[in-house]
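Visitor: Can you walk me through this one? I'd like to start with the overall picture and then get into the packing.

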Amino acid sequence: MAIAKAERLMNLALCLLGTRRPLSKRELRDSIEAYVETFRPGNGGAGSDDSFNRMFERDKDDLRELGLVIETVESLDGEIGYLARRDSNRLPPITLDAEEAAALGLAAKVWQQARLAGAASGALQKLRAAGLPEDVDPYEAHGALEPRIPVHEAAFEPLMLACRDRRPVMFDYRKATAAHPEPRDVEPWALECWRGHWYLAGFDRDRGAERVFRLSRITGRVRSRGANFTVPVPDVVTVRETVASWAGETADRSALIRLRTDAGYPLRAKATAVRELGDGWDELEIPYGHGLDAWLVEFGPDVVVLDPAELRADVMDRLRAVAKG
């Protein structure tokens, strides 16, 4: 008789919580009765490694969806092991007032993706079990508000899971000024939506420094790695502040550009002064900070930098690099 899935998950959770060292898939397969019974040799072909790996990955994902924090650890010989530390899975008593519950309910309504919607709903159910007052409906307190944060990038979900599980990733990334993508080896820290675009903040191993990546510029598949993080994750990851800095948001001076009429509306929104030049061109004064050259290049022939000279030179260098491919 097949062992029920709930019992199998419970046994796996107890095994991961009870171990003091990471356990490999092979050890878990030999230790948990449900796996031993299902994948014993001669069991109608069900004993294949591929079948076990698929079941184990599903079980592991199900436990994580239920809130169990499972760590992935690579040993010195390269073998991957798993464990659930008790201190990482122990929560203090939770008490929420009506306003706090309403804020959580509003946050849960943000997500449109099925996977995130299920996780948010499950989180609210856990709060109910932890003592959320029965007379508080977190979904109805602000029923007139219908927030939406759409996600169109295929890289979002694997990066979200990698941030949660603290797993390094590799992906191909095309910079705004490059014609072709380049491989990146990143320890992901946090995802954040800023001005309608999703960004990933993390540690770029090849460059040895913190970097922020726009998800829409990630090409191909995001590949997870079994290695551990090499740099501690900051207590506060300031994605917006970092992106704003690179986009010239923290400007301390001004630049003068010429812009085609009816083009470059994001630039016009930031302009402190606009003057019509005629012949289809306008002159704009815009804040100038770090990263403005990369932003201006995105507008191609619609923008001409007039001043300062160093900004004009930086934009020209980037355009030449793109032209060379």
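Predicted model: local features only at pLDDT ≥ 70, side-chain atom pairs only at ≥ 80, totals over all residues.

Visitor: How many helices and strands?

Guide: The protein chain has 11 helices and 12 strands, taken as DSSP runs numbered from the N terminus (helices H or I, at least four residues; strands E, at least two).

Visitor: What percentage of the residues is buried?

Guide: Buried residues are 34% of the 325 in the protein chain; buried means under 20% relative accessible area with a 1.4 Å probe, protein chains only.

Visitor: Let's take α4. Where is it, and what is its reach?

Guide: Helix α4 covers residues 49-65 and reaches 24 Å from its first C-alpha to its last, close to the 24 Å expected at 1.5 Å a residue. That expected span is 1.5 Å times one less than the number of residues.

Visitor: Which of its residues are buried?

Guide: In α4, the buried ones are S51, F52, M55, F56, D59, K60, L63 and R64. They pack against several elements, including α1 (5-18), α3 (33-38) and β2 (71-74).

Visitor: What about the largest nonpolar core?

Guide: It has 19 residues, and L12, L16, L28, I32, Y35, F56 and L63 touch the most other members. Such a core is a set of buried Ala, Val, Leu, Ile, Met, Phe, Trp, Tyr and Cys residues joined through side-chain atoms within 4.5 Å. The largest share, 5 residues, comes from α1.

Visitor: What does Y35 pair with edge-to-face?

Guide: Y35 pairs with F52, at 5.2 Å centre to centre and 85° between the planes. Rings of Phe, Tyr and Trp (its six-membered ring) pair if their centres lie within 6.5 Å; planes under 30 degrees apart are stacked, over 60 edge-to-face, the rest tilted. Y35 lies in helix α3 and F52 in helix α4, so the pair ties together parts 17 residues apart in sequence.

Visitor: And how are F52 and F56 arranged?

Guide: Their ring centres are 5.9 Å apart with planes at 25°, so the pair is stacked. Ring pairs link Y35, F39, F52, F56 and Y82 into a cluster.

Notes. Residues numbered from 1 in each chain as written. Heavy atoms only, no water. Buried < 20%, exposed > 50% of the residue type's maximum accessible area, 1.4 Å probe, protein only. Contact = heavy atoms within 4.5 Å.
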